[in-house]
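Please look over this model with me. My notes are meant to be read with the structure open beside them.

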Amino acid sequence: MAKSTKSKPSRRDFLKLAAGAAGTVGAPWIARNAQAKPTTIVFARESSYVKNFDEHFQKVMIPAYQKATGIKIDYQIQAAGGSAVPQLVSMVENKSGADLAWVQQEWLYRDALVDVSDIAEAVGKEQGGWYDEIKSLSVDNGKWKSVPQANIGQCMVYRKDWFDEAGIKSFPETWDEFLEAGIKLKAKGHPYGMSMGHGFADNYSWLYPLLWSYGVTVMDKAGKKVALDTSETAKAVDYVRRLYKEACIEDCIGWLDPHNNKAFLTSQISCTNNAYSIMVSAKRDLPEMGKVIDHGLNPKGPNGQRYHSLVPVTHGVFAYGPDPQAAKDFLKWTMDPKQFRPWIASGDMYFAPYLHAFDKVPEWDIEPRVKPYHKVLETGKLTSWPAPANRAHGTVINRWVVIDMFSKACLGAPTKTVIAEAVAQLKQIYG
Amino acid sequence: MSANPVVGTSRAAALEARAYRSVGLSRLREFIERESVFSWLILTPPLLFLLAFLGYPFFYGVYLSFFHREVAGSPSFVGLGNFVTLANDPIFWQSVGNTIKFTAAATLLKATGGLGMALVMNQNFRMKAITRALLLLPFIVPTVLSTVAWQWIFDPGMGLFNRLLVESGLAKTGPSWLGNPTMAMISIIMVNTWRGLPFFGISILAGLQTIPVELHESATIDGASTWGRFRYVTLPSLLPVIFIVTTFSIILTFFDFQLVYVLTGGGPANSTHLMATYAYSLSVGVGQMGLGSAVALSMVPVLGLLLVLLTFYVRKD
């Protein structure tokens with residue numbers, strides 16, 4: 001057979017050529033990937049009610065970080081209103097999505113978060129120390145699994161004009177005075193709207209503090225023994241039933257978190273428990289109402305104490321990401337006072353850091369009506385308090401065990417029955 | 001024969017190859033056009049799609065229901081442990097009861113309402129086409145969007161219903177549509193009926209239009225009244241359509257999730273918790289993937305029974 005193909009490249013020549021070409025084309029790719037630095041970090045956070053806060057992050061902080069390090073931050077804003085947790089759970093289950101996030105309900109997936117003790121301890125040392133209560137959430141088995149960013153304060157939001165009209169000169173100091181005032185206001189067509197449905201903030205933020213101020217906690221400190229089964233719980237349940245019947249709008253028993261905002265802004269209720277987002281919306285869209293909204297602390301209970309419920313914002317880094325160290329470096333950078341202070345300031349203290357360095361910052365004085373939210377950190381507890389914030393506690397929250405104890409009583413069930421049902425569920429959950 | 005033997009050989013080879021190719025192609029075509037092969041070829045893509053997006057999650061759910069498995073945790077086998085836990089869980093039984101009540105009431109309302117809607121739409125009137133198209137709206141609008149609108153309609157003070165009641169002088173204050181457990185159940189049934197009615201209406205209308213006019217004519221000649229014609233001609237002819245649409249609707253209603261999730265979150269005090277919302281709350285909220293899957297799986301026997309009924313019915317035809 002004639003070797004007419006001699007002048008043509010052989011198969012071996014072709015392979016050599018192909019390998020060379022691949023090398024030439026692929027070299028930069030390999031080199032780029034061999035470098036430790038990723039080009040993009042994905043950061044997921046629920047959208048903020050204070051638009052300026054997200055805007056500051058996007059317009060100031062992201063470009064600054066890119067300029068300093070060359071790394072682009074992909075800021076994924078999750079819709080508010082309960083959809084962030086399912087997204088986070090799905091990310092963890094699929095080991096994909098964000099590199100770091102506002103890790104809501106972090107007890108569900110702490111194992112998927114890296115140790116950030118180095119960052120949290122350094123930040124604490126540098127910025128006046130952490131409020132103790134938040135450590136129950138962020139520290140797990142002696143390690144920080146998230147870096148607390150801030151608390152979203154929950155207080156009583158009320159219509160000062162209507163309270164004045166009813167002759168109530170200052171916000172009630174005790175729950176009994178609160179009921180008395182509510183009866184007067186309801187008689188004038190301005191009932192309270194205290195959320196008691198299957199939401200995740202505005203129901204817990206007054207029912208748990210109320211229970212605590214009756215001297216009751218759900219579990220003991222170790223989280224082993226159910227502590228709810230007491231005569232004081234019965235008094236708290238009876239009080240809530242009376243408050244609902246005599247001072248509240250009927251609808252509030254089924255309200256999810258957006259409902260009380262809507263009812264307040266449409267002048268249907270005179271008081272509710274909420275973050276100060278209601279005032280933000282009113283100032284923007286209903287200036288007349290914006291002038292007559294004020295805030296009050298949760299009233300004191302029979303034990304003479306007042307409590308608030310913390311709504312924590314904590315940031316965690318996912319262990320399964322391509323480069324957790326790069327995400328940690330970014331997280332550390334955001335907590336540097338040079339970045340952190342203006343970021344917090346941009347949110348008008350809607351997000352209040354758990355750091356004592358912020359106790360006396362002038363930002364608290366910009367809007368005097370926001371001041372009660374400053375006090376929330378002093379008397380604030382996690383809903384797990386005094387027990388650890390773990391999965392069992394998460395189950396109690398997500399099955400609305402304590403909330404439904406109160407709401408069933410309001411719907412007519414006997415006090416003893418609702419407490420017994422709640423205790424039975426708690427025993428099953430804590431096993 | 002070509003003068004050049006080399007060229008001649010190659011041309012012959014090419015011709016031969018083409019002949020082989022055309023024989024091969026026609027054989028392939030013959031093979032494909034065989035009914036048994038062709039039907040499988042057409043079936044394969046949707047089957048693969050169903051396997052990937054329905055089969056896999058379903059079997060994964062079955063697998064999960066036998067395990068104690070928390071989010072981001074490793075599974076441990078518990079056999080029927082999850083089902084035993086559910087059997088002793090009062091909220092589970094409440095959600096089963098709610099689901100049955102919700103499905104029964106909503107399906108009955110949709111079937112009767114849909115029949116009425118179809119009978120009206122089958123008449124001749126002005127702007128018939130546009131009316132028919134508009135009636136489909138509830139079915140077309142995304143559920144979450146329409147449910148948010150319903151949230152406003154049910155609002156105690158600003159809502160459409162209570163405003164109408166108060167403005168018309170029928171009541172001093174309207175009811176609490178979502179705050180009272182009974183009213184909340186009625187409200188979710190109402191929204192589900194509103195959303196599902198067009199599906200019944202349009203399907204039954206299609207069935208109505210297939211009934212030959214001659215049947216009605218001969219019944220009229222035989223002296224049948226309007227009711228008689230409906231009872232003995234229209235209804236029997238429509239039964240197959242009504243049966244199939246109802247079965248589909250029961251399945252869809254049984255698994256309804258979005259509506260309740262947006263409107264009440266299962267509250268107040270679990271009075272509107274359906275099996276689907278409870279399964280979700282256990283899996284995603286509580287992070288108990290195994291227990292949540294067990295709730296979801298508990299819905300399957302009902303679905304299975306309906307599918308068997310449907311299959312028998314279709315086969316009988």
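1. Confidence. Keep in mind that this is a predicted model. Its scores are ipTM 0.76 and pTM 0.83. For chain B, the average pLDDT is 88. In that chain, 97% of the residues score at least 70.

2. Where the chains meet. How many residues of chain B are in contact with chain A? There are 25, and they are in contact with 30 residues of chain A. Two helices of chain B each supply at least two residues of the side that touches chain A: H9 (181–209) and H13 (275–285). Start with H13(B), which gives the most to that side, with three residues.

3. What that side is made of. Sort the residues of chain B that touch chain A by class. You get 11 nonpolar, 13 polar and one charged.

4. Where the domains meet. In chain A, 19 residues of domain 1 are in contact with 23 residues of domain 2. H15(A) has the largest share, five residues. By class, the domain 1 side that touches domain 2 of chain A has 11 nonpolar, five polar and three charged residues.

5. One residue to check: B:Phe77. Find this residue in strand E2 (residues 76–77) of chain B. Is B:Phe77 buried or exposed? Count the other C-beta atoms within 10 Å: there are 10. A residue with 12 or fewer counts as exposed, so B:Phe77 is exposed.

6. Partners of B:Phe77. Set aside its neighbours within four places in sequence. B:Phe77 is then in contact with B:Phe66 and B:Phe67. Now turn to B:Phe92, which is 15 residues from B:Phe77 along the chain. How far apart are the C-alpha atoms of B:Phe77 and B:Phe92? They are separated by 22 Å.

Terms used. Residues numbered from 1 in each chain as written. Chains lettered and ligands numbered in written order. Predicted model: local features only at pLDDT ≥ 70, side-chain atom pairs only at ≥ 80, totals over all residues. Contact = placed C-beta atoms within 7 Å. Helix = DSSP H or I, 4+ residues; strand = E, 2+ residues; numbered from the N terminus. Nonpolar A, V, L, I, M, F, W, Y, C, P; charged D, E, K, R; others polar. Buried ≥ 20, exposed ≤ 12 C-beta atoms within 10 Å, placed from the backbone. pLDDT = per-residue confidence, 0-100.
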